[in-house]
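User: I have a new structure open and would like to go through it. Can you take my questions one at a time?

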Amino acid sequence: MSCSGDSDDDSSCKRKVAYVYSPEYIQTCDSLSKVPNRASMVHSLIEAYGLLKHMSVVKPQVATIEDMAKFHTDSYLEHLHKISQDGDNDDPQSGDYGLGYDCPVVEGIYDYAAAVGGATLTAAQCLMDQKCEVSVNWAGGWHHAKKDEASGFCYVNDAVLGILKLREKYERVLYVDVDLHHGDGVEDAFSFTSKVMTISFHKFSPGFFPGTGDLCDTGLGKGRWYAVNVPLEDGIKDDRYYQIFTSVMQEARAQFNPEAMVMQLGADTMAGDPMCSFNMTPVGVGKCLQHVLQWQLPTLLLGGGGYNLANTARCWTYLTAAVLGKTLSSEIPDHEGSLKACVNIHYQSVSQSNSSKSKCSSKAAAIFKKETE
């Protein structure tokens, strides 16, 4: 990290940041039915604020089946490839692989998985090659997928692939997940190892997907105590979240001493998200991010959930600026897929009344069908 006098943040330090992007990659990610066109909304806002000129823009590679097989089973990948070619949603084997419910089969879904997996691998490689100190793939972060099963809108667990890639160079990798939902797929992947510590801050309540991530879930075998779960209650706001986050992270750093970090920054914790659970703002999440970035570890940043698409675009644009030490104008610039009609980027946290939760419940059910009564 080099320091200069023209940085907009208090640290006056300029980080080397790699941003994984290509028009083809964004177009592929826009096809995901649960968050249609979200990738282009995020990118266009980042571009409109002039942030691209402060980062190295890196074209992502597409993951091969061998790349993805570092975690996923051959049978799962082969089945995903087969049904992807014609969008066959009637294959009787699909249910065995978690496909067809909250992970619908659509034509080209294998190509999407390969694109996302490859982008995160590209971001990890940039860190390993010391081309940057922070790498960013906002279209990644699909933390629910298991080795032989799609789950929770996730067809590939790119976070796991990224961690495995980093482990080729770094002895201890820390995974931090601030998505609303428990990062179950990542925790499961590393539950038996002491080389990867997973920390997940999430909502945990009866019937809420994925139903895992209790405080007492701490890993297995050699991985005992290397899985940390922090269940949080509905309505939590920035100040309390930051207090809990910093307390946990300081202890984790002291005990684990990581050499590299992957952070999943799902934006479904934002006030106004159809999940209607947490009451966070980009400013609060940005403070958490800055807390761990001051450790100056090679850090891979991923997206994740976020179903109010405009809020998600604002959140990840704000976080991109925070990484770069830039302050954004509250006046959103004109850009493709303009968000000017939306509230400004420093929008205030809305109150989380019982009545508003009730109004949101039907939306949440429609978006996250995996949740049970």
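**Cavities and chain**

Analyst: Helix H2 gives the largest share of the lining of the largest cavity, 4 residues. Bear in mind that this is a predicted model.

User: Which elements each supply at least two residues of that lining?

Analyst: Strand S3 (17-20), helix H1 (23-29) and helix H2 (38-48) each do.

User: How much space lies in the largest cavity?

Analyst: About 160 Å³. The largest cavity is lined by 18 residues, and the closest to its centre are Ile26, Cys29, Ala39, Trp138 and Ala139. By class, the lining has 15 nonpolar, 2 polar and 1 charged residues.

User: How many cavities of 30 Å³ or more are there?

Analyst: The count comes to 4. The second largest cavity holds about 50 Å³ of space. Of the 15 residues that line the second largest cavity, His143, His144, Asp179, Gly305 and Tyr307 are the closest to its centre.

User: What is the lining of the second largest cavity by class?

Analyst: That lining has 5 nonpolar, 8 polar and 2 charged residues.

User: Stepping back, how many helices and strands does the protein chain have?

Analyst: There are 11 helices and 10 strands in the protein chain. The chain has 373 residues, and buried residues make up 57% of them. Its accessible surface comes to about 15400 Å², with 48% of that belonging to carbon and sulfur atoms.

User: What share of the contacts with a separation of 6 or more is between residues 24 or more positions apart?

Analyst: Such residues account for 76% of those contacts in the protein chain.

User: Is helix H6 mostly buried or exposed, and why?

Analyst: Helix H6 (residues 158-166) is largely enclosed by the rest of the structure, because 8 of its 9 residues are buried. Among the buried residues of H6 are Asp158, Leu161 and Lys165.

User: Next, Gly117. Where is that?

Analyst: Gly117 is in helix H5 (residues 109-128). Gly117 has a relative accessible area of 0%, so it is buried. Leaving aside neighbours within four places in sequence, Gly117 is in contact with Ala63, Val156, Asp158 and Leu161. Asp158 and Leu161 are also among the buried residues of H6.

User: And how are Gly117 and Tyr155 separated?

Analyst: They are 38 residues apart along the chain, and their C-alpha atoms are separated by 9.8 Å.

User: New topic. How many disulfides does the structure hold?

Analyst: It holds 0 disulfides. Cys126, for one, is in no disulfide, and the nearest cysteine sulfur, that of Cys132, is 5.1 Å away. A disulfide needs the two sulfur atoms within 2.5 Å.

User: Is Cys126 buried or exposed?

Analyst: Cys126 is buried, with a relative accessible area of 6%. Cys315 is buried too, at 1%.

User: Which is Trp225, buried or exposed?

Analyst: Trp225 is exposed, with a relative accessible area of 56%. Cys276 has a positive phi too, of about 50°, but counts as buried at 13% relative accessibility. Cys276 is found in the loop between strand S9 (260-264) and helix H9 (282-293).

Technical notes:
Residues are numbered from 1 along each chain as its sequence is written. This is a predicted model: local features need pLDDT of at least 70, side-chain atom pairs count only at pLDDT 80 or more; totals for chains, interfaces and linings use all residues. Side-chain values use heavy atoms; hydrogens and water are left out. On a 1 Å grid over the protein atoms alone, a cavity is a set of points where a 1.4 Å probe fits but cannot get out, and a pocket is an open set with protein on both sides within 12 Å along at least five of seven lines; lining residues have an atom within 4 Å of a point. Grid points are joined across faces, edges and corners, and a volume is the space filled by probe spheres set on the points. Ala, Val, Leu, Ile, Met, Phe, Trp, Tyr, Cys and Pro count as nonpolar, Asp, Glu, Lys and Arg as charged, and the others, Gly among them, as polar. Buried means under 20% relative accessible area, exposed over 50%, partly exposed in between (1.4 Å probe, protein chains only). Contact means heavy atoms within 4.5 Å. Accessible areas come from the Shrake-Rupley method with a 1.4 Å probe; for residues, only the protein chains shown count as cover.
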